[in-house]
Amino acid sequence: MPRRRLLFSLLVSVAVANSRAATGLDHTPVDGQWMQAAKDYANTRYSSLTEINTSNARRLVPAFTFSTNLKHGHEAAPLVIGSIMYVVTPFPNTLYALDLSKPGAPLKWKFDPHPDPAAQGVACCDTVNRGAAYGGGKIVYNTLDGQTVAVNATTGQEVWRAHLGDIKRGETITMAPLIADGKVLLGNSGGEFGVRGWIAALNLADGTLAWKAFNTGPDKDVLIGSGFQPFYPQYRGKDLGTRSWPPGRWKYGGNVWGWVSYDPTLHLVYYGTGNPGPWNPDQRAGDNLWTAGIFARDVSNGQARWFYQWSPHDLYDHDGINESIVLDITWRGQPRKVLVHPERNGYVYILDRVTGEVLAAKPFVYINASKGVDLKTGRLIPNPKKTTGMGKTVYDICPTASGAKDWEPSAYSPRTGILYLPHANLCMDEQPVQANYIKGTPYIGANVRQKPGRGGNRGAFTAWDVLKQTIVWEIKEPLPVWSGALVTAGDVVFYGTLDGWFKAVNARNGKLLWKFKTESGIIGQPITYLGPDGHQYVAILSGIGGWVGSIVSNALDPRDKTAALGMVNAMHDLPAKVRAGGRLYVFRVR
Amino acid sequence: MSFAYAKAAASIMASLLLVACEREQRDFQTPSSGSPSGDHYQRDAYDVAQGKRLFNWMNCSGCHSHGGGGMGPALMDNRWIYGGKIQQIYQSIHDGRRNGMPAWKHRMTDQQIWQVAAYVRSMGRYLRKDVAPGRDDAMQSGKAESRRERASAIVPSTPP
């Protein structure tokens with residue numbers, strides 16, 4: 001049975017043990033906490049807690065709620081360390097600390113970093129924040145205006161602050177940082193503003209810069225040196241980060257706004273890079289390295305180890321920033337250290353995380369934008385019928401610009417061997433047009449109308465057998481699924497819908513166990529923890545927004561089918577279904 | 001056809017022509033910076049058409065799309081955070097606004113800013129039907145400005 005051979009990586013416990021040693025804050029068993037947005041270095045979002053299980057999930061009831069009083073998209077994962085829950089809001093990025101040891105979890109303190117309001121104008125796709133990370137007694141997170149702040153987890157006092165992003169260039173920061181090896185890893189957003197992407201490591205102790213690597217440009221900026229050993233020949237050669245672009249055009253794209261994974265044994269961090277700019281592909285002939293791909297870097301100095309490109313010369317805004325889940329598997333009889341990566345272009349990739357070799361790439365949705373991945377060359381095979389170009393309108397491209405699956409992270413259970421995929425089912429019409437680079441303004445060059453994909457259901461929650469590379473079960477959702485997923489050892493999977501339902505389903509067969517209607521739409525990341533009372537809780541932020549929900553949070557007008565880069569056309573009915581407003585919900589079984 | 005009849009017909013034609021020409025009537029006096037007298041731009045189809053081109057060239061459409069909004073607010077509806085009069089729109093473009101609208105005073109001439117402001121007014125069809133643009137050069141985003149229902153009276157709004 002292949003499932004038995006699927007060894008769950010020990011990285012999880014290593015990660016937690018490391019952080020725990022550094023804190024002294026926690027009074028609960030190790031897996032009762034949630035210290036990073038993705039739960040662990042491996043990005044599994046799997047909890048070994050079992051109190052809530054398939055037989056009692058139907059008895060889930062709200063334990064307490066907490067309003068953020070904000071009307072933008074709430075994409076963050078709450079954190080729980082010891083008896084405190086931490087919630088980061090969208091702009092103005094307030095950090096709330098709730099005291100879980102008291103009835104109703106009252107506010108213990110709040111921290112306001114006062115980001116520059118002008119940042120709201122350069123935030124593509126709403127003023128979201130995807131969460132914080134905990135390490136060394138500090139809560140660390142990014143602000144929309146490009147700052148990183150570290151706050152004392154006990155007192156709420158600011159410890160340090162770094163300012164790496166420049167909103168005057170359209171550079172914001174929305175991602176949740178990852179804390180690994182005593183460093184805070186973060187990158188910039190701004191792929192729609194012609195911002196040059198980078199990842200940086202700040203020293204957790206004082207916020208000073210340990211290293212910074214760009215994802216375009218000459219090798220010295222990209223931190224490509226003698227240790228760079230990519231698997232495929234197309235990534236070998238000097239300064240490909242400039243030579244795979246028209247002269248001087250390499251300064252746009254490759255942003256880092258998604259998920260970072262870490263393998264402490266290999267000492268490597270893994271992260272995806274965003275789309276090249278502008279969207280109009282005719283303004284940037286070439287493969288546009290190192291955009292729309294994945295880097296493995298040495299965590300201590302940032303030096304690149306390998307790279308792989310999901311979408312060479314990206315035609316469709318297919319950022320490569322989705323989560324890569326760190327697993328150790330047996331593949332064709334051999335033990336392999338891999339990354340499992342559900343990509344915006346519609347394939348679930350399995351990559352050897354030591355070498356960067358693609359072991360498999362199978363579609364999890366209907367795809368016509370490409371014809372597959374050539375496992376010999378590693379290259380995506382484009383579909384000439386759906387190739388876009390200046391002034392040309394191409395109809396019914398699947399998946400759409402926001403992808404088969406956007407940033408909303410999946411969860412992996414070692415008990416089932418299944419990857420739980422929240423995703424969309426959208427296609428688009430696209431017409432590239434001339435984009436002019438004007439600093440601090442959008443650099444896009446495309447008219448887009450998005451629309452429902454095959455079958456009419458705009459989203460789905462899909463259980464994907466990692467080794468068999470097949471769908472085990474699938475829940476069709478009328479709206480795109482834009483929340484993260486959570487899976488537990490109780491074999492319960494949690495996710496939320498855009499019309500506000502928070503759902504618990506059976507991890508083995510997808511059967512609905514329980515659902516609860518929240519006040520707004522859900523685009524947050526569910527987490528679970530053990531409260532100070534020894535009981536298991538599940539938490540989720542509700543609050544519509546993000547790219548998908550901007551029609552509600554930004555009050556957009558659906559008469560313009562191209563509004564919000566065409567997303568409004570696909571989501572025109574959302575304002576009738578859901579209202580804006582952020583609120584934390586926490587549940588337990590009665 | 002009698003001479004008198006032809007003369008009458010000619011005068012009707014002439015008056016028709018005059019009316020039709022009015023939509024492209026130019027004013028050769030460019031108002032000075034911050035002048036409240038930009039009203040005439042929104043009576044001139046040429047200025048509005050120029051404004052529409054600039055709206056795309058200057059990446060306004062990157063944030064506001066084709067009036068429905070995106071990163072920036074919708075411009076085709078009747079909700080106006082900083083006011084919907086052409087002078088107020090001019091001010092928003094010229095100086096920028098604190099919640100993210102950049103200032104364009106160093107990137108466009110006054111005349112261009114007035115033209116964009118006039119075009120923005122056409123999105124909610126606050127302009128005369130024959131002055132509002134009638135076609136798109138790009139993929140259809142919806143009804144042309146001239147074919148839209150006029151937005152109802154301007155209501156003040158706060159940033160969403």
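This is a predicted model: local features need pLDDT of at least 70, side-chain atom pairs count only at pLDDT 80 or more; totals for chains, interfaces and linings use all residues.
How many helices and how many strands does chain A have?

Figure 1. Chain A contains six helices and 38 strands. Along its principal axes, the C-alpha trace spans about 60 × 55 × 50 Å. Of the 590 residues in the chain, 64% count as buried. If you look at the contacts between residues at least 6 apart in sequence, 63% of them join residues at least 24 apart.

**Figure 2. Confidence along chain A, with a close-up of residues 1-29.** The average pLDDT of chain A is 95, and 95% of the residues score at least 70. Over residues 1-29, by contrast, the pLDDT is below 50. Beyond near neighbours in sequence, this stretch makes 53 contacts in the model.

**Figure 3. Helix 5 of chain A, residues 546-553.** Is this helix largely enclosed or open? Eight of its eight residues are buried, so helix 5 is largely enclosed by the rest of the structure. The buried residues are A:Gly546, A:Trp547, A:Val548, A:Gly549, A:Ser550, A:Ile551, A:Val552 and A:Ser553.

Figure 4. Just after helix 5, have a look at the backbone of A:Ala555, which takes a positive phi of about 50°.

Key
Residues are numbered from 1 along each chain as its sequence is written. Chains are lettered from A and ligands numbered from 1 in the order in which they are written. A residue is buried if 20 or more other C-beta atoms lie within 10 Å of its own, exposed if 12 or fewer, and partly exposed in between; C-beta atoms are placed from the backbone. Helices (H or I, at least four residues) and strands (E, at least two) are DSSP runs, numbered from the N terminus. pLDDT is the predictor's confidence in each residue, from 0 to 100. Two residues are in contact if their C-beta atoms, placed from the backbone, lie within 7 Å.
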